[in-house]
Every structure is written in C-alpha cells, then in structure tokens.
Amino acid sequence: MEKNLPFRDDSFDKAFEKIGSIKAFKPYMNEIVDAIIKDELERNKLNQILSSHNIKDISDIKENSLDLLLLYISFILEDGIISEKELSNLRFLKLLFRIREGDFYKLRFYKVQQILDQQFKNIYHDNNINSEEALLKVGLQDLFDLSYDQFSELSQDEVKAALERGADLDNLDTVIKLPASKIK
C-alpha cells in the first residue's frame, strides 16, 4: 500500500483524532475520517468506502469533503502558523477529494470568509504586517486556493479598519483600489 499523507505528524494526527471524535459527518465521511486516522486512506480504500454507500464518484461528495477540509484548516490555523507539512497534507487531501481551485470560494464562501475574518483581525490588529504575518497571508490564500483579487476582496474590511485606526498603508502589505471617482 502506498504511503498516504506525505508529511503526517503529531499535529495532523491530533487534528484528525479531534475531527474523528466529533462524528459530525455523514456515515461515509466518518468512515473516511477513520481511514485517515488509521493511515489507511488511499484511492482504492476511498473508492471502497464510496461504493459501500452507493456513491458513484468522489465529486458526488464534494461539499462534504469541503466541510471536512474546512474543519482541518481550522485546526491548522489554531497556532497562527501554516507549515509546509500542513500545506502539503492539505494539498494531498484536495487532490484525493478532487477539490479544484474556486471550490472553496464558490461552494463555501461564507465559511471561508468567517475563517479569514478572524485571521485578518489577528494579522491587522496592530496596524502593521510583519514578515511572519505576510507569510501567513500567502499561506491563507493558498489554503483556500483564492485568486489575488478574491483574497484582496475578503481582506478589504479589515484593511479599511486598520487604516481608520491610523495605520500607514505602506505597513499593511496590501494594495487598495480606489474607486474611479477618486482618481484624478
């Protein structure tokens, strides 16, 4: 059997043990989570689980897969750091579940917005973006497969709040688009 997750570690195992203890998903997703916990999830095992529940294709459970990944992402973000291992494991899970660029934005916009709003509050609270926070922003964009414009749109409210608190735009690691009426 092929090794499943390329960078499995204690933080991954703890996250999925917590996810597994919640049992908040449909039975087939709980079986998938159990297989992840046991490091038994690979394409054949996934297909076997789906087949046993009369699910023909992985794309038929895309929204449930997104919910699972969003829960995992919330555990990733608990420490305010996104490691390369975490990103690699999430990328692997996205490939396994056939999550495509735009799926989070299109199918789970409000949950993504909620998660990002909390992260942006933490990032912009001191009106300055340091190098670690700049890297976190890049990681956040990658977690959700967001385009630059989508990510900018989602961070806009917190950037504006920082500017209203007196932040210098040069310290915010962002670009603000002015309405055409303001440009002369």
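The largest nonpolar core contains 56 residues, and Ile32, Leu140, Leu143 and Phe144 have the most contacts inside it. Such a core is a set of buried Ala, Val, Leu, Ile, Met, Phe, Trp, Tyr and Cys residues joined through side-chain atoms within 4.5 Å. Helix 4 gives the most to this core, eight residues. The model is predicted: local features need pLDDT of at least 70, side-chain atom pairs count only at pLDDT 80 or more, and totals for chains, interfaces and linings use all residues. Residues are numbered from 1 along each chain as its sequence is written, and side-chain values use heavy atoms, with hydrogens and water left out.

**Helix 2 and helix 4**
- The axes (lines fitted to C-alpha atoms over the stretch in contact) of helix 2 (residues 27-37) and helix 4 (residues 62-76) come within 11 Å and cross at roughly 45°.
- Tyr28, Met29, Val33 and Ile36 of helix 2 meet Asn64, Ser65 and Leu68 of helix 4, where contact means heavy atoms within 4.5 Å.

**Leu143 and Asp142**
- Residues up to four places away in sequence aside, Leu143 touches Ile73, Ile76, Leu77, Ile82, Leu87, Leu90, Lys94 and Phe104.
- Asp142 lies in helix 8 (residues 131-143); helices are DSSP runs of H or I with at least four residues, numbered from the N terminus.
- Asp142 is partly exposed at a relative accessible area of 24%, since buried means under 20%, exposed over 50% and partly exposed in between, with a 1.4 Å probe and protein chains only.
- Neighbours within four places in sequence aside, Asp142 is in contact with Leu87, Arg91 and Lys94.

Methods:
Axes are lines fitted to C-alpha atoms, for helices over the stretch in contact, and angles run from 0 to 180 degrees between N-to-C directions. Helices (H or I, at least four residues) and strands (E, at least two) are DSSP runs, numbered from the N terminus.
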